Structures are given as structure tokens and as C-alpha cells.
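Please consider the electrostatic pairing of side chains in the structure shown below.

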Amino acid sequence: MTGMTHEDGSTASRGGVPALPGVDSFVKAFDRLVLQERRDRGRVPVVLLLEPGTGTAGRRIVAGLGSRLRGQDRVLTSHAHVEAGAPAGVPLALFDDIVNQLTVTMPPGTGKLRLPRYRLMRAVVSAPPFEGDPAHRESRLRRYCYNEHRQGSRLAAGLWFLGGRGDQGGSAFSMIWNFFAGPLFQGLPRLLYGRRAARLMLGRPRRPRWHAQWYRAQHGSWPTDFFHSATGLAGGGRYRDEVTLDRVLLHALLADLDAACRSRPLHPWLRRRRTRFVLLFAESGSQDSREQRFLRELRSAAEHLRCTSVLVVAAGVRSVAGRIPDIEAAGLAEAGLRLAEIAEADRESGEPTGVVVPVTETPEDDERARYWLDQNPALLPPVPGFGPRTEVAACAGALLLACAVVLTAVSGVPFTRDPEDRCRDQMFLGADGTCVGVDTGAKGLGNGPSEQALKAVLRQIERQNGAVEKAAEEGGPAGPAPVPRYRTVVYFGALSGGKGAEDAVRGGTLPALRGIALAQRDVNAEADSGEDVPLRVIAADAGDRYKDAEAVARRIADLAQHGDPSIVGVVGFVQSRHSTFKAVEILDRAGIPMVGTSGTADALVAQGRHYYQLAPVDDRGARAMAGFAAEADFVRTASGVRTAKRAVLVYDEADPYSAGLGTSFRTYYGSGRTDVLTYTPRDAPEPTTGAAAAGARRQDSLHALAGQVCDAVREEPRTALVWTARGAQFTQFLRAFDEQATSCPRLSVLGGDDVTNALIQQDHPWQLFPGLDLYYLSSASAPLLKENAEARTFTAAYVREYRHDTAALNKALVHDGHAAVAWDALHYLAKGVDAAWQATGEQRDGALGRSAVQTALFQGVGGYDGATGRVDAIGRHGRLTPDKLVFVLRGHPGGSPTPELVCGTVNAHEQRRHWGPGGAHRCPD
């Protein structure tokens with residue numbers, strides 16, 4: 001038997017799928033997506049089979065796909081086949097049908113499908129209205145949800161039963177039992193259930209989950225308790241419309257399905273879940289039907305969560321709404337090609353979330369499609385060689401054997417070893433309990449989003465180091481002059497930290513390391529000729545906010561003097577702190593040349609004669625900020641954009657960078673029209689202990705600081721906030737200021753260059769406070785220097801190398817000044833190394849050391865055009881570039897910044913001495 005007859009006289013293959021033209025290509029792509037390995041999966045768009053009129057071809061395709069998933073004697077993958085529309089007025093019926101089918105169609109050996117997030121949200125939305133005091137609603141909702149949880153959890157039900165066993169009778173034993181058993185078996189499990197619910201639905205402050213983001217979108221602030229945030233979804237709540245219920249339930253369901261496909265080392269049932277979950281809809285109706293509304297919310301939720309575990313095919317689509325963009329395929333064959341392409345590459349956010357495929361009846365079967373379907377009647381999922389219980393027993397045996405081997409190996413070994421032993425090579429335990437020191441590499445970092453980004457660039461540097469080391473082992477081309485061996489440069493920065501550490505992306509480390517990696521590749525490409533010196537780069541982790549900078553600097557100095565004579569310099573020092581000053585002093589005494597990769601405090605340059613600064617120092621930046629604040633129209637008021645009458649200056653007294661930039665701004669702008677507020681974070685690495693600066697008011701919290709700023713703006717609308725504290729505190733300040741939005745709907749800010757670190761995090765400043773007008777100082781912005789050839793070279797290299805990054809982050813990072821300054825810093829040090837090599841007469845490789853490089857830098861490598869403008873930091877002339885280029889940029893939500901002030905030497909032929917419309921204002925000296 002090769003087919004089955006339908007009412008219209010056409011036939012279908014044994015697999016049940018009708019042999020329509022191109023359906024073989026479509027089913028091939030369908031099978032491939034269902035069976036795709038977890039590591040290769042990307043987000044899959046919903047397939048909509050468009051059938052205008054009363055056609056049934058799509059319904060027959062969906063029915064055939066369902067039969068392919070059921071198999072002859074066992075279910076092949078978990079799926080749900082929704083035959084008819086949900087009953088009117090029962091919004092949860094469709095969800096219940098889908099969840100029940102997914103649960104009962106789990107293939108053998110894959111365990112029970114547990115959906116904790118969905119079942120929790122279903123309990124919330126099915127809760128009845130709670131009367132009485134509103135303050136008690138969240139506790140009643142918690143009790144209700146836990147009671148619902150007990151209906152499906154044997155453990156919770158058993159514990160509850162034990163906790164109530166003493167209710168019978170009035171004996172002394174029952175009284176004692178009630179006293180202990182009730183809190184232990186009923187109160188404690190309910191408390192733990194509430195905490196688990198908060199972890200599942202809210203996540204953590206640095207990694208909020210979808211429910212926390214949804215709540216913030218409704219209220220403007222982050223939730224602190226899940227059940228408090230969920231009361232609006234329970235009976236009588238303000239968010240009880242059907243669209244919102246679909247939205248939150250779908251987010252919970254998709255998050256659970258993604259988690260259900262995530263492999264865990266000690267969970268063999270999860271490892272056997274090798275296929276996607278499949279949802280099949282037989283009849284989707286018109287664009288305003290219940291099913292299509294469900295599908296639209298599902299598509300949005302899948303894109304938001306980047307869900308990769310679900311494949312949806314919907315038939316019976318009578319009309320398609322244009323509210324969400326779709327991929328339009330001409331037929332089943334083209335749809336198959338599109339789905340095959342989607343299986344090859346991950347999809348970016350914002351791309352279409354649906355594929356619309358018109359299907360029509362045909363009087364006869366397509367012979368090629370019928371032949372293929374006859375040969376491939378069912379899905380062919382991989383079959384494990386062993387059952388899960390066998391694997392559990394084998395793993396348990398292997399674990400016991402490994403424990404026995406370890407105990408045997410360590411028997412007789414004292415357990416009083418130095419805790420530094422767990423840190424390899426030149427690493428040691430830092431102030432936060434993490435390994436810091438030299439040669440961190442990609443292996444020493446965690447698995448958070450920031451650490452993953454840093455791992456990628458560190459691996460890039462490691463690959464480039466490997467090429468340099470391999471070339472040195474093979475030797476250079478023969479010739480009359482010797483070929484120089486590589487020299488090593490150390491990047492000095494904050495790569496990691498313990499709990500509560502500042503994000504390395506926001507701290508400027510990621511863009512600086514990217515600039516270093518690109519510059520290393522460019523320098524080594526030039527060195528391939530054998531005339532220049534190739535560079536190897538290793539990383540030194542100075543700890544969170546440079547807490548361990550002094551100890552790490554000693555390790556670098558010791559390594560350069562006794563372990564690795566190829567070390568000729570250090571680049572980095574993104575943050576100017578007291579610990580950074582001490583580190584520079586240590587490296588200076590060791591005779592190691594240093595080049596800064598960021599705008600910095602003036603005092604840092606004075607710490608040692610081996611330190612060179614390429615970015616403008618804080619005094620120059622403060623002059624530019626003061627000139628801009630005095631003359632630019634940048635304060636938005638009800639009557640338009642005006643110049644500022646007053647400035648509220650915020651800085652951190654304990655931070656040399658912040659205090660130096662802030663006090664210099666006050667000097668140049670005028671103390672008479674500047675109100676000073678100081679704020680030092682409680683976890684600051686070097687908290688202040690002295691009295692507040694003259695005329696300054698110290699604030700103990702960001703909420704108090706936000707209130708003071710709002711009061712000043714209300715009193716004088718033409719007040720600008722001048723922020724010279726760190727960018728990490730700026731984002732927290734905006735969260736606090738957003739609570740004042742009713743009284744202060746707008747805020748004009750002029751920030752220091754560290755504010756750029758707030759522009760490259762997940763939540764942009766405008767997401768935290770939409771009424772923000774942000775202007776900020778920048779040490780560099782290479783994409784804006786189109787007249788500078790080196791800036792164009794850097795920008796092109798950056799965009800080409802990191803084009804895979806998300807568009808928003810990539811755009812922000814390429815404009816971040818740290819990357820361009822780091823590019824120039826490594827090139828500057830490379831020029832010093834090359835000059836030292838030439839000065840040795842190219843005869844003795846051993847003469848090319850730190851002392852020779854310092855001599856070359858002190859004498860000067862000659863002015864040249866860098867990605868940050870003109871570079872000419874001659875050692876004997878102060879180790880600074882005179883009239884260094886400085887920017888004041890205006891930030892835009894989701895767009896590139898625009899220059900408002902550009903002053904300094906752009907290149908050898910151009911110097912900016914005026915700024916503003918028509919050059920109306922003179923640049924600071």
C-alpha cells in the first residue's frame with residue numbers, strides 16, 4: 001500500500017503527508033530542524049501555511065507531519081497537535097491542551113517533562129481575587145500557588161501531610177509534634193518554594209529574567225519580590241486581559257522548554273532529549289482569531305527569549321496580519337530551501353519570525369514527492385546505545401572509582417598547602433578570593449556575558465601569540481642582517497573579580513583589549529618583512545577596580561627581571577586609583593616603559609619617568625567640559641534648549657580620577673555657579689575617611705543623590721548635572737533618578753570620559769531614564785576622524801573583525817575611546833621597540849631590552865598621526881602629546897554619537913582651534 005485516499009480523490013504517502021509539489025523539500029527541512037543538535041540550533045521562525053478560502057491542503061500536511069512524529073510503536077519526539085480552536089471564554093484551554101500533549105508524548109527514556117515556570121504562572125493567573133488588605137495579597141497568592149504546587153508534587157504533598165499529623169487529638173505528643181513539624185515540614189518548604197520562584201522568574205540583578213523585564217516595562221522599576229509583582233496577574237488584577245495572559249504564559253512555557261533541552265552532565269534523561277519540541281496547529285483561522293493571536297505572542301516571546309527548542313507549523317491560515325514581518329515563500333519547495341538556510345546560521349534579533357507558505361490543492365500527486373515520502377515515511381531520531389538507568393549506574397561506578405583513586409593519591413599529603421597553590425604560574429589569590437596576576441588567559445575567566453566577551457578577545461590574542469612564537473621557533477629568512485625575535489608587552493587591567501565585581505565590559509577592559517588585539521595583528525603584519533620587531537601580548541589581571549594592582553605590578557617586575565627578559569613594556573592602566581599610582585611607581589623602579597590606554601588623572605603621569613600618556617589628561621578634559629558647559633546650548637527646558645545657568649557637580653572623593661576631573665572642572669567653570677555633591681560607593685576599594693571638600697555636600701546613597709539633583713533642577717530648570725564619577729555609578733544613579741520622573745521628567749547631563757562605559761552595557765542610559773539628554777567627554781572617537789588615515793584604518797579593522805557582534809554593542813564599542821587609545825598605545829610602544837632595534841645596529845638581539853626601549857621613547861619616535869589624532873609624546877618633553885585631541889560628544893539612544901566639541905591636533909596638517917556652529921567658540925588652551 002503506497003497511499004491513502006482522501007475525500008477529494010487525491011492520495012497521500014504512507015507517512016500521511018500529501019504528495020504536493022515541493023513537499024519533499026519542505027519535509028526534509030522540517031526533519032532536519034527537528035533533529036538538529038543543540039549546539040547548532042538557532043531561532044526558527046513559525047511556518048504559516050496560508051490557505052485562502054476553504055482549502056484543506058495545509059491541514060493534511062500538518063496531520064501528515066504529526067503521523068511522522070508518532071511512529072509505529074513509540075513516540076519519536078514530544079509534540080502537540082492542536083486539532084480545533086479553543087473554546088470561547090476559556091483562555092487557558094489552549095495552553096492546557098498543548099502542555100498535556102507535550103507531557104504525554106515525551107519519548108521513552110527522556111524522563112518526565114517538568115515545566116516549573118509555566119505551572120507557577122498558570123497558578124498565578126488562575127488564582128481567584130483576594131479580598132481584604134492589599135498588603136496581604138502577595139502572601140495569599142504565595143500560599144495559593146504553593147497549594148497548587150502540592151497537587152502535582154509528591155514530595156511537597158508528603159511533607160505537608162507529615163506537618164499536619166499532630167492535629168489529631170490533644171495529647172502532649174501531638175502538641176510537641178505540631179510545634180516542630182509544622183514549621184519544619186510546612187513552613188520551611190513553602191519558604192523555599194517562594195525563593196525558588198523568585199530565582200526562576202526574576203533572576204539576579206545583573207541578569208534579570210523575562211518576568212523582571214516585563215514588570216519593569218509596566219512599572220518603570222525592577223521587582224523585588226515575585227509574588228508582589230505577580231498580584232496584578234491574579235484574579236482581579238490590573239493586567240488580566242487575554243493578550244497579557246498569553247504573553248506571560250508563553251514566556252514561561254518557552255523558557256521551560258528551552259531549559260528542558262539543556263543537557264546536564266549528571267542527568268542522562270536530559271541528554272536523551274535530542275530533538276526539538278514541535279507544535280502543530282490544524283486550523284489557525286483569520287488574522288484576528290484566537291490561534292493567530294496565540295501564534296503572534298509565541299513569535300514575539302521566542303524572539304525575546306531567543307528560544308531555540310520549539311518548531312511550530314500552523315495550517316489553515318486564512319489571512320495574515322501585517323503586524324509582524326514575515327518571510328514570504330512562493331511555495332513548499334522554496335519554503336524548504338529557506339528553512340534549510342535557517343538551519344545553517346543563527347538568526348539576529350529583528351529578523352522575520354514567520355515564514356508564510358501558500359498551499360493549494362492539486363488534482364494529482366507529484367511523483368517525485370510521493371517517491372521520497374514513500375522512502376522516508378517517519379522521522380528518524382538518534383537511538384542511544386544504553387538506557388538512562390544503565391548510564392546512571394555506570395556514572396555512579398565511575399565516580400566511586402575516581403573518588404577512590406583521588407583518596408589513594410592524596411593519602412599522606414598534608415592539607416595545609418598555601419591557598420595560592422590553586423592559582424597557576426604567576427597567579428595568586430587576590431583581595432576578592434579570585435586568581436589575579438600575570439598571564440590570566442581565557443581559561444581563568446568565568447562564564448558570564450562579560451567574561452565570555454573577554455574570553456573571545458583573549459583567545460584572539462593567544463592565537464596571535466602562537467603565530468609569533470611558531471615563527472620564532474622556525475627562524476626568519478636568511479639574509480645579511482639578523483631577524484629580531486619577538487618582544488613581550490603586558491596588558492595591565494581589571495579582567496575579573498569576585499562577587500559584586502565591576503563588570504569588565506563597563507570598566508573599559510573589553511574595548512581596550514579589542515584595540516590591543518587589533519593593533520598587535522597590525523604590528524605583526526608589518527614585522528613579517530623581518531625589519532620590525534613582532535610583539536607578543538600577555539594579560540595581567542589587577543583585580544576588581546585595581547585592588548591588587550600593587551602586588552600584580554611586583555609580579556610583573558620580578559618576571560621581567562628574572563623570568564622573561566623579552567618583556568619590554570606595559571600598556572593599560574584604564575583606571576586612575578591610588579593602587580594604580582603605587583603600581584606605576586613599582587614598574588618605574590624596575591625600568592619598565594609604560595603607556596596608558598585611557599584618559600587619566602594628571603597625578604598618574606608624575607608617578608614615574610617611564611610612564612607615557614597618549615590620551616588627554618584630566619586637566620585638559622576639564623577645560624573642554626567647562627568651556628562647553630559655559631557656552632553650549634545643551635540644557636533642555638520647557639522653552640527650548642538653552643545654555644546652563646548652574647551646574648550640579650557629582651564626583652567621588654576617594655577616586656583620584658573622579659576627584660581630579662571634578663575639582664578641575666569647578667575651577668575652570670567657576671565655583672560661584674557650581675553646586676558640589678560627593679558620593680563614594682560603600683564597597684569602594686579605597687573609601688574616603690576625611691571631611692568633605694570645601695562647599696561640598698556628601699551623599700550617603702544614590703537615592704539621596706538623585707533627590708538632591710532633582711531639587712536643584714526644579715529650583716532652576718537651566719541646571720546641568722556634571723558627572724565626573726564612574727560610569728558604573730552613573731547607571732545606578734539613573735535607576736534612582738527614574739523614581740523622581742514625576743517631578744523631574746528631563747535631565748541634561750555632561751559626563752566625564754568614564755561615562756562611555758555606561759553606553760556599552762545591556763541597559764542603555766535611556767532605557768533607565770528616558771528623559772535623559774547626555775553629553776560626555778571622550779578621549780577618542782575614531783569613526784568621526786574621517787580626515788585621519790590611521791583613524792579610518794582602525795575603524796575598518798574594528799568593524800571587519802567584530803561584525804559578528806550585536807549591532808548595538810558593536811556600534812557603541814567602536815565609538816568608545818578605550819579601543820582607539822589602546823590601538824595607538826601598542827603602536828607607540830612598537831615604534832619605540834623598532835627604534836631600539838635599529839639603534840642596536842641590528843647586530844645583537846640581546847641588546848634589545850627594556851633599557852633600550854626606554855631610551856628610544858625618551859628621545860622620541862617622531863610625531864605621527866594615530867587613530868586618536870596626532871601622537872608625539874616625547875619623553876624629554878613631559879611624556880605627553882601637546883594639544884591632544886579631545887571630544888565632547890552627544891549620545892543618542894540606539895544611534896552613533898555626534899560631535900559637539902572637537903579640539904586639538906587632528907593630523908600633521910590640521911588643528912581644531914574653534915568649535916560650535918560656524919566655529920563660534922574658541923577651544924580651551
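The following paragraphs describe salt bridges and the elements that they connect.

The model is a predicted one. Side chains of opposite charge can pair when their charged atoms come close. Across the whole structure, a search identifies 32 salt bridges.

One of these pairs is formed by glutamate 469 and arginine 536, whose closest N and O atoms are 2.9 Å apart. Because glutamate 469 belongs to helix α16 (residues 449-474) and arginine 536 to strand β12 (residues 535-541), the contact ties together parts that are 67 residues apart in sequence. With a relative accessible area of 29%, glutamate 469 is partly exposed, whereas arginine 536 is buried at 14%, the cut-off for buried being under 20%.

A second case concerns aspartate 773 and arginine 890, which meet in a salt bridge with an N to O distance of 3.7 Å. This pair links distant parts of the chain, 117 residues apart: aspartate 773 is in strand β23 (residues 772-778) and arginine 890 in strand β26 (residues 886-892). Aspartate 773 is buried, its relative accessible area being 6%, while arginine 890 is partly exposed at 21%.

How values were computed. Residues are numbered from 1 along each chain as its sequence is written. This is a predicted model: local features need pLDDT of at least 70, side-chain atom pairs count only at pLDDT 80 or more; totals for chains, interfaces and linings use all residues. Side-chain values use heavy atoms; hydrogens and water are left out. A salt bridge is a side-chain nitrogen of Lys or Arg within 4 Å of a carboxyl oxygen of Asp or Glu. Helices (H or I, at least four residues) and strands (E, at least two) are DSSP runs, numbered from the N terminus. Buried means under 20% relative accessible area, exposed over 50%, partly exposed in between (1.4 Å probe, protein chains only).
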